[in-house]
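Welcome! Please take a moment to look at the structure below before reading on.

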Amino acid sequence: MPLLEISNLTTEFDTDEGRVRAVDQISFSANAGETLGIVGESGCGKSVTALSIMRLLPQPMGQIVGGSVLFQGRDLTKLPLSEMEKVRGNEIGMVFQEPMSALNPVHTIGKQLAEGLLLHNDYGVQKALKESIDILDRVGIASPDVRMGEYPHQLSGGMRQRVVIAIALACKPALLIADEPTTALDVTIQAQILELIKELQTEMGMSVILITHDLGVIAETCEQVVVMYAGKIAEKGSVFDVFDNPSHPYTRGLLASIPRLTTQPKSKLSVIDGMVPGLRDLPAGCRFENRCPYARQACTKSVPPIQIVEKRHEVSCFRWRDI
Amino acid sequence: MPDTPILEVRDLKMHFPVNEGILLRTNKFNKAVDGISLSIQAGETLGLVGESGCGKSTLGRCITRLYQPTSGSIFFEGQDITRLKGNALLPFRQNIQMIFQDPMESLNARHTVGDILEEPFIVQKIGDRISRKKRVQELLEIVGLPARSTSRYPFEFSGGQRQRIGIARSIALNPKLVICDEPVSALDVSIQSQILNLLIDLQKEFNLSYLFIAHDLAVVKHISDRIAIMYLGKVAESAAGETIYHHPKHPYTRSLISAIPIPDPHRKIKRQVISGDVPSPIDPPSGCSFHPRCPHVTDRCKHEPPQLRFIDDKHLVSCHFDL
């Protein structure tokens with residue numbers, strides 16, 4: 001049984017201009033110990049998916065209107081809030097993009113770390129502080145006992161993200177959700193943080209859901225990948241399936257459009273014409289139809305069903321066999 | 001090349017005073033740019049790569065004279081423009097233009113696109129109303145925006161379209177040199193390639209020279225003829241793009257290349273992760289500023305700052321050793 005199984009999850013937001021569907025009937029699952037990547041461009045619903053799993057949608061605008069999120073057999077969408085609080089930070093940890101806004105600027109690092117430990121465990125203050133120092137040491141922060149008394153602004157960006165990871169992992173969760181954990185960081189620091197997440201994952205045997213827009217990060221760190229476009233899953237499968245045999249025109253377009261170190265300088269990059277449709281005026285059929293070079297009449301009429309390319313490799317496209 | 005370069009920068013320094021204490025006395029300086037020399041030929045792109053805080057944007061702003069450099073000189077087509085003021089600067093403003101990272105912040109939200117694009121001509125007193133309107137239409141067509149955009153406001157456009165407006169404004173006065181400061185880093189992958197293609201096309205059509213500032217080495221290598229790698233206000237290495245990628249000599253360049261995530265799941269090379277953060281330019285390390293993070297550090301590196309030296313006729317490295 002997978003650790004996390006999401007079926008037909010649908011999330012809507014109330015906005016001034018009416019209700020919009022940010023995530024539309026998505027299904028995927030993550031096995032224990034596995035790293036699953038969710039990749040897509042801004043507005044594709046990848047972060048809303050993470051917030052839906054954690055039930056951290058902005059209230060009262062964001063609502064899960066359908067589907068289920070089975071985590072270790074329990075449906076998180078149906079849990080009472082008091083139960084959900086025991087899951088958050090304890091069984092599922094979360095790392096956000098901007099460490100400065102994820103940390104509380106007026107509390108010390110130590111207080112923020114120990115808070116979760118005290119809340120979820122039967123620890124005394126001394127034990128919680130000792131555990132906190134251990135985990136800071138574990139995420140590679142030098143002189144952790146000194147850092148415990150410092151405030152977030154005293155740390156560099158990379159160190160802050162290490163602290164956020166330490167907080168997320170303090171209670172040894174079975175699942176870590178990392179939403180663009182390295183996007184705000186420099187490449188050399190990104191390499192350090194990704195390496196750290198990988199190490200801790202192996203050591204603690206947890207699953208990781210990594211949300212990013214960077215296909216390079218996905219290829220280097222994930223085993224499974226879900227490609228999202230305009231609130232729906234375009235394609236999912238193992239990284240080898242998706243990178244070696246991209247079956248959705250959107251995945252193909254994305255992979256072809258990235259400049260690589262090996263491409264001929266100043267050569268024409270292939271592009272995906274047009275832009276992502278707004279959530280208020282989505283096409284009636286396939287979401288990608290208006291940008292797709294292979295679109296036919298059928299694509300404009302109905303939403304393509306999920307089709308199986310190979311075992312665990314699925315695509316949502318009418319024409320994947322022809323392209 | 002015997003021709004006078006479009007731009008030549010000699011030993012440029014930009015030190016910002018840091019005010020501290022109750023009396024806000026200036027005891028320290030942020031040495032954002034600390035002795036940079038470079039040149040750009042007509043029609044050439046020089047890529048400038050470095051991590052946040054390395055001074056790459058400051059250098060760009062010094063060249064456009066948005067900042068008054070502390071010392072050193074800037075030559076445009078052989079003429080020293082470092083100390084020009086007021087009206088004397090006007091013809092150079094016409095020839096050196098800038099594209100900014102965030103088009104939402106660099107376009108006036110209260111002006112229509114027509115006003116934004118017409119303003120350069122008003123400032124430079126070029127043409128009458130009718131000819132200016134005509135030129136604005138041409139500009140929109142060049143960057144691939146619909147002609148009716150003139151009466152609309154920046155917020156009505158997507159990120160990629162806004163960057164097109166920024167590009168249209170920068171080429172409005174037929175400049176010879178455009179400073180592109182992270183022009184694609186705020187954009188989604190599928191839009192990024194559209195903008196890179198546009199920049200490359202414009203360069204061919206109008207024989208533009210670019211100083212292309214970015215943190216993403218893959219993007220920079222794609223668009224540049226030559227690349228300069230910056231670290232803490234200094235050039236660490238500069239050479240042709242292919243040379244930088246295939247034969248990097250500076251340990252920092254090597255670690256930057258190694259840190260880039262490659263979108264290929266089969267490539268499982270162990271990354272050479274460098275430890276530590278970028279030090280503060282207010283209090284840079286003694287000797288070689290990269291020495292606290294360098295895997296090849298020796299005693300000499302800690303005391304003696306390396307000079308930029310030629311290792312062949314176009315390849316400059318600032319390292320004591322031939323690694």
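Here is a short tour of salt bridges and a pair of helices.

This is a predicted model, in which local features need pLDDT of at least 70, side-chain atom pairs count only at pLDDT 80 or more, and totals for chains, interfaces and linings use all residues. Residues are numbered from 1 along each chain as its sequence is written, chains are lettered from A and ligands numbered from 1 in the order in which they are written, and side-chain values use heavy atoms, with hydrogens and water left out.

Let us begin with charge. A salt bridge is a side-chain nitrogen of Lys or Arg within 4 Å of a carboxyl oxygen of Asp or Glu. Over all chains, the structure holds 35 salt bridges, including these:

| Pair | N to O distance |
|---|---|
| A:Glu180 and A:Lys46 | 3.8 Å |
| A:Arg74 and A:Glu91 | 2.7 Å |
| A:Asp75 and A:Lys78 | 3.2 Å |

A:Asp75 is buried, with a relative accessible area of 17%, whereas A:Lys78 is exposed at 61%. Here buried means under 20% relative accessible area, exposed over 50%, and partly exposed in between (1.4 Å probe, protein chains only). A:Arg74 is partly exposed, at 29%, while A:Glu180 and A:Lys46 are both buried.

Now for the helices (DSSP runs of H or I, at least four residues, numbered from the N terminus). In chain A, helix α7 (residues 157-169) and helix α8 (residues 187-204) pack at an angle of about 20 degrees, their axes 10 Å apart. α7(A) and α8(A) are therefore roughly parallel to each other, a word that covers angles under 35 degrees. The axes are lines fitted to C-alpha atoms over the stretch in contact, and angles run from 0 to 180 degrees between N-to-C directions.

Notes. Helices (H or I, at least four residues) and strands (E, at least two) are DSSP runs, numbered from the N terminus. Angles under 35 degrees count as roughly parallel, over 145 as roughly antiparallel, 65 to 115 as roughly perpendicular and the rest as oblique.
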